[in-house]
Every structure is written in structure tokens, then in C-alpha cells.
Amino acid sequence: MVPQLEIRNLHVRTEDREILRGVDLTVRRGELHALMGPNGSGKSTLANTIMGHPSYEVTEGEILFEGDNILELEPHERAKLGLFLAFQYPVAIPGVSVANFLRMAINARREEPIKMKEFAEQLTRAVDLLDVDRSFTSRHLNEGFSGGEKKRAEVLQMAMLAPEIAVLDETDSGLDIDALRTVAEGVRKLHEDQGLGVLIITHYQRILDYVKPAFVHVMMDGRIVLDGGPELVERLEREGYDRIREEVAARA
Amino acid sequence: MPEAATAPKPGTPPQATLNSALDARGAGGEPLAVLRERAREAFDTLELPYWRRSGFWQTSFTNLDMATLGPITREADSTAVPQIVSGRANAGVLVQRDASVVHVELDAELAERGVILCSLEEAAIQHTELFERYFMRRLLLDRDKLEAASAAFWSGGAFLYVPPGLSIEDPFQIVYEIGAAGSAQYAHTLAIVDRTAEIRLREYDLAGATFDGDALHAGQFELYLEDGARCRLAQLTDWSDGHVSDASTSVVEVGRDAYCHWLPALLGGHLIHHHDELVVAGKGGDMAFRGLLFSEAQEHLDVFAVDLHETGPSGGDVHWRGAATGSSRASFEGLIKINQGAQQSHTYLQFHSMMLSADAKLDAIPSVLVGADDVSASHGGTVGELDEHLIFYMQSRGLTRPQAVRVIVEGFFEPLIVQLEDEQLEAAVRSRIGAKLAAAAADIERYALAR
């Protein structure tokens, strides 16, 4: 079977420097991956490049979705294929409620606008999944939201838009333990119930106590330097990034 | 004269009506005939106006060829009610097409309770006492040639009187429509809300048809809120693609413990200069002065908004928003003026702008003149451009770039639009903003890429 998301030898630069220097990574539908690495290793750059952020220039390599190169596609076209990015820093959209934004986003990928009843049912299910109050959806998206509310809103959107592959960029950062548990629980259910493929980007193992990835990758200096299974999370926890950095240096 | 209905409206022709009203006096005591003659002399003497704006541009009416413009009289037409006010519950509707009032309707029960809605010409004859108490009380007639023209040549016009204590939920709708090139529309609205009465009032300046060539709207608007009266006033100016030059003055006087929420929306016009003045004239008077303007293509919109406190304690809150695309010009000049002795006046003025094109110009010029020491008066504002983070965020959810831009610009105006508290009008404003954005999509994209 052709994998949903395949990244081959990806090199990316911004205006002033090269950030990704040959990344290879494959995520299939139904798989749960964790991408770990210290600050500044290029994790967020990878997330934004997958989604097509205009500030990142791909100088070499490919991103394939179901076998087709998507590098020339606009972000909204990638979204329609089934890619989703949960942002590290979700932005506020003034004057637009969570519910209205969701309806716009759903309608953007359909021929016929969704019926109000169908939308309301979907919304109720998603709201229950994430354990948020229904009134949450009539607030303006991310305006005055706490860190936890922003991340819940990201996962709520993910639940509603039902992507094939979701990239979660530091979704665990800035969350207290309760919010973390709810968000992680939501991700786990979408993965288990709907076969969502997930790439969790994080530099703590915390979230991985609740969502168990089968595949773990470690990124340093713009490259993936280690691939493994859940045992890699424990090793990182025990030894820290510095040991791995030394090991990689010795190997080179 | 273009192909226009020049026959007088049924009953008395407008000019004849006005002639028989010339004995009525203005609030200053002068007969209408004398006021009109004075305005006529000012019109003959004064030059066409221009206003200098910051930078290297001005709002100029000097290219207007007055010789090609004249009043066009129209016949009564009960089907004249435009879509924007039809199909809903209204307290009353008055439609002036070019130089003539062509349709008036007033809720029968309200008429019985003493509400008056009629042409201003008719008010001068039938309701002389009210007319003489208020007409031109706050308006001037000789600051420039177009103001003088309006005072000298107005015809038709709208008159609204709401007696004390009435509270009316459905809006009064006054429509000025220009239907043909060559039309000079000298509009005049006089509205009075008597003690503790409460109403909603709308004025629409609209192009009633598409036409080729120049037209002129020189309007005067005066609204008086007596003690404890309340009014939510909205004015929508949208001359669409018509080549209409619009130089108008509106004054709202807020009496003791009265309140006005006033929202002008300037959504289209070839060349517009509006002088909008909100005067808190009675102790305890309060007002919210909101406004939005959105210029596109070659449009030129210019607003001078005055927040005047003649006495205190009084409250004020001015909040306008503007956006510009294409190579349009827009200017918002806001003046807070607190007169000597108007102690305990508190007011704030803010203007927020959003630039959507490299070739557009959008200026905000706030100023404060304070003649009392126990007051608070300040101003603020922001200058914004499209936020690329926001656009990327929405695109990542499946919205196209133009859709994302529309969400941002609508969201920018939305805090004001919802204050219209009128679904039909809100929908019309949103859809007009959407249409302007769609028309400017290529330009907006170019600007984003160039940054």
C-alpha cells in the first residue's frame, strides 16, 4: 500500500539559514509516530513545511501524499487532501466563532454546504470527545483563550475535519496535566476509532504517557538521527539528548 | 437633460409646494424664502470646495461641472421601496428619487399616536410650528458652494417627528436614490425625537440604477433628540459604481439625558466628503459614534467626524474603522471638542485602519480641543495589514486565500456591524464588503506577494 505521507531527503531553508538538511520520514494511515528533539532542531519547520507555509523554501527533496508530490500545492489544497496541522501557537481569528469557523472549513472542502442538523450532530460528538462546554463553540476562535483552550480548539477542529494524517506541533506545551490528559485522550480516540495517522512533535515525553506511539524518531540539527519504538522514549527520558548527540557524533 | 421623468408628481408639483412653503421660518426666525436667497447668493459667490489631506493629496470637488447638473423631478411611485428596506416590518418609509419624494408610508397606528413622516416641503406647510422650531437650527448654509447649493435648492426632503414617550421598535427608513446621470439631488432630512421617545432611524444614499455620467448629492441632515430621548441611527452610503459626487453634512443634537448611537457606513462612492457632527448639548447626554468606511478601485471617501460636548457631565465614545483597496483614497479626520465649562465630559476617539493595497492611501487624523479642566478626552488607533499567520492558519484548514482574506476583513469590521442590531442591514453591509473584496482579489494578492 502506498503510504499517505512520505518525506524524502527534505532540505528546507528560511531567508537566513538552512534548517532541514535531509529528512526522511514515512507516516501511514493508522500509525502513531512521535518526533522528538531538542529546541531548534527543526521539528516545527518540518511541521510547517508539510502544510506548505510560504516562509519555508524547499531546496531539495520531496513530500509525497499517496504517492503524489504535493510541494507545489497551496496549504488549502493540502488540507483538502487530508493533511492537518495542529499549531504550536494557534492564532486568534477576530469576529469568528469556533462553530462558524468550523462550518466554513468543512464547507470549503465540499460541493454542497453541510446541513445545519448534520453539522450540529458532528459538533456535539466532537465537543463530547474533548470534554469542553458547548458554549465554547460560540466564542471567537482563540480570542482570549487560555493555553489549554487553544489546544483543545485545535483538536476539536481535527475531530471535525477528519483528516487522514495529522501533525501535532508541540500540542502538549504549556498545558497543565488535566488539559494534557483531555487533549491526549482526544487524539488517542481519533487514532483508534477513525484510523487517523498521527505525527506528534514534542520535546517532552509527558504526552507520550497518554498516547503510545509505535514509532519514535529523534531529530537533531535538521536530520532524523535515530528511529525506533517506544523504548526510545524511555531511553531519552533516562539519558537526555546530550548522550544521543555524542553517540551520533561518534557514529559520523 | 437625460431621459428622465420631468412631469410633476401627482397633486402639487414639488416646486409649487415649496413656493407655498416659503413663508415658513427657519429656527433662526428667517423665512424660508430669505434663507434660500441667502444660500443662493453664497452659492453664486463661493468656489467649489476642496479639503487638504495629509501627504500630497486632497479631496477636491473643483472638477465638478455644475452646468451639467440639475434637479430631476419624478412621479410618485409606490413600488419605489428598494430591496434593502422592503419585505420587513417598518415604522415608516420615505423614498426620494432624484429631486422628488416619490413614496411615503407610515404605520397607521403610529400616525394616530402623533408620529409624522412626510416630505420636508409638506412639513413646512402642514406642520409649520414644528418646522419653525427646528429647521436649520444646527446647520450652516454658506461654508462652501455645495452646502450653499443644498440650502438654496433642496426639494422633497424628509421630515420625521416622534411625540414624547413613544418607544418604537421597528425602524424608520429614509431613502435617497439617484437614478440618472445629470441629476443634482439636494437632500434635506429633519428628524425630531421628542422627550423620552425612543426610535431607530436609517438613512440610505443609494444609486437606484446604473448610469453613465456624473451626478451630485449634496445633503443636509439634522436630528434633534430632546430630553431623555434615545435613537439608534444608521446611515448607509453606497453609490455603487455610479459617478456620484457626494458632499453632505449631518448633525445630531443630543439633549439632556438623551442618548444616540450613530453608525454611518460608507461603502461606495466616486467622491464623498461627509461632515458628521454629534453634539452633546444637554447635561447627562451620552453618545456612541461608530462608523465604517471601505474604499476600492478609484473611490475617494473623506469623513470629518466631530464629537462636540457643549455641556457636562456628558459621555462620548467614537470608534471608526476603515479599509482601502485598489488605488482608492480614504481619510478619517476625527475631532473631539469639549467647550469651555463642559466639565465632567468623558470621551474617547479611536480609528482602526487596514491597508489592502500598496497603491491605496488611508489617513487618520485625530485631534482634541479641550476648554475645560475636569474632563477626560483622548484618542488612539491602529494601522493594520493582513496578517500572514492568520491566512496560513485558515488555509491549513481548507480555506482559499481569498476566503481567508474575507474572513479577516469581515472580522475587522464585525465589532461595528453587529452594533447595527438589524439583521437585514447587517447582511447587506456584510455582502457589500464581500463584493468589494471579491472585486479587489487580484490586487490584494499582488500586495501580499510584494510584501
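1. In this predicted model, the axes of α8(B) and helix α9 (residues 423-439) of chain B come within 10 Å and cross at roughly 150°, where axes are lines fitted to C-alpha atoms, for helices over the stretch in contact, and angles run from 0 to 180 degrees between N-to-C directions. The crossing of α8(B) and α9(B) is right-handed; a crossing is called left-handed if the near helix is turned anticlockwise from the far one by less than a right angle, and right-handed if clockwise. On the α8(B) side the contact is made by B:Val405, B:Arg406, B:Val409, B:Glu410, B:Phe413 and B:Ile417, and on the α9(B) side by B:Glu426, B:Val429, B:Arg430, B:Ile433, B:Gly434 and B:Leu437, two residues being in contact if their C-beta atoms, placed from the backbone, lie within 7 Å. These residues divide into seven nonpolar, one polar and four charged, with Ala, Val, Leu, Ile, Met, Phe, Trp, Tyr, Cys and Pro counted as nonpolar, Asp, Glu, Lys and Arg as charged, and the others, Gly among them, as polar.

2. Some conventions should be kept in mind while reading. Residues are numbered from 1 along each chain as its sequence is written, and chains are lettered from A and ligands numbered from 1 in the order in which they are written. As the model is a predicted one, local features need pLDDT of at least 70 and side-chain atom pairs count only at pLDDT 80 or more, while totals for chains, interfaces and linings use all residues. Helices (H or I, at least four residues) and strands (E, at least two) are DSSP runs, numbered from the N terminus.

3. How many residues does each chain bring to the contact between chain A and chain B? Chain A gives 20 residues and chain B gives 17 residues. On the side of chain B that touches chain A, the elements giving two or more residues are α7 (388-395) and α8 (401-417) of chain B, and α8(B) supplies the largest share, seven residues. By class, this side of chain B has seven nonpolar, seven polar and three charged residues.

4. In chain A, helix α3 (residues 98-108) and helix α5 (residues 147-161) have axes that come within 10 Å and cross at roughly 35°, and this crossing of α3(A) and α5(A) is right-handed. From α3(A), the residues A:Val98, A:Leu102, A:Ala105 and A:Ile106 meet A:Ala153, A:Gln157, A:Met160 and A:Leu161 of α5(A). The residues of this contact divide into seven nonpolar, one polar and no charged.

5. After α5(A) comes A:Ala162, whose phi is positive, near 45°.

6. Helix α7 (residues 231-251) of chain A deserves a separate look. Although α7(A) has 21 residues, its end C-alpha atoms are only 20 Å apart, short of the 30 Å that a straight helix would reach at 1.5 Å a residue. Where does α7(A) bend? It bends by about 95° at A:Gly240, the bend at a residue being the angle between axes fitted to the seven residues ending there and the seven starting there. In α7(A), A:Leu232, A:Val233, A:Leu236 and A:Ile244 are buried, and what covers the buried residues of α7(A) includes β3 (32-36), β9 (215-220) and β10 (223-228) of chain A.

7. Several loops of chain B hold backbone details worth checking. B:Asp98, in the loop between β3 (92-97) and β4 (100-106) of chain B, has a positive phi of about 50° although it is not a glycine, and B:Asp98 is buried, with 26 other C-beta atoms within 10 Å. B:Met136, in the loop between α5 (128-134) and α6 (145-153) of chain B, has a phi near 65°, a positive value in a residue other than glycine. A cis peptide bond joins B:Gly312 and B:Pro313, with omega about 0°, and B:Pro313 is found in the loop between β16 (300-309) and β17 (314-315) of chain B.

Technical notes:
Expected span 1.5 Å × (residues − 1). Buried ≥ 20, exposed ≤ 12 C-beta atoms within 10 Å, placed from the backbone.
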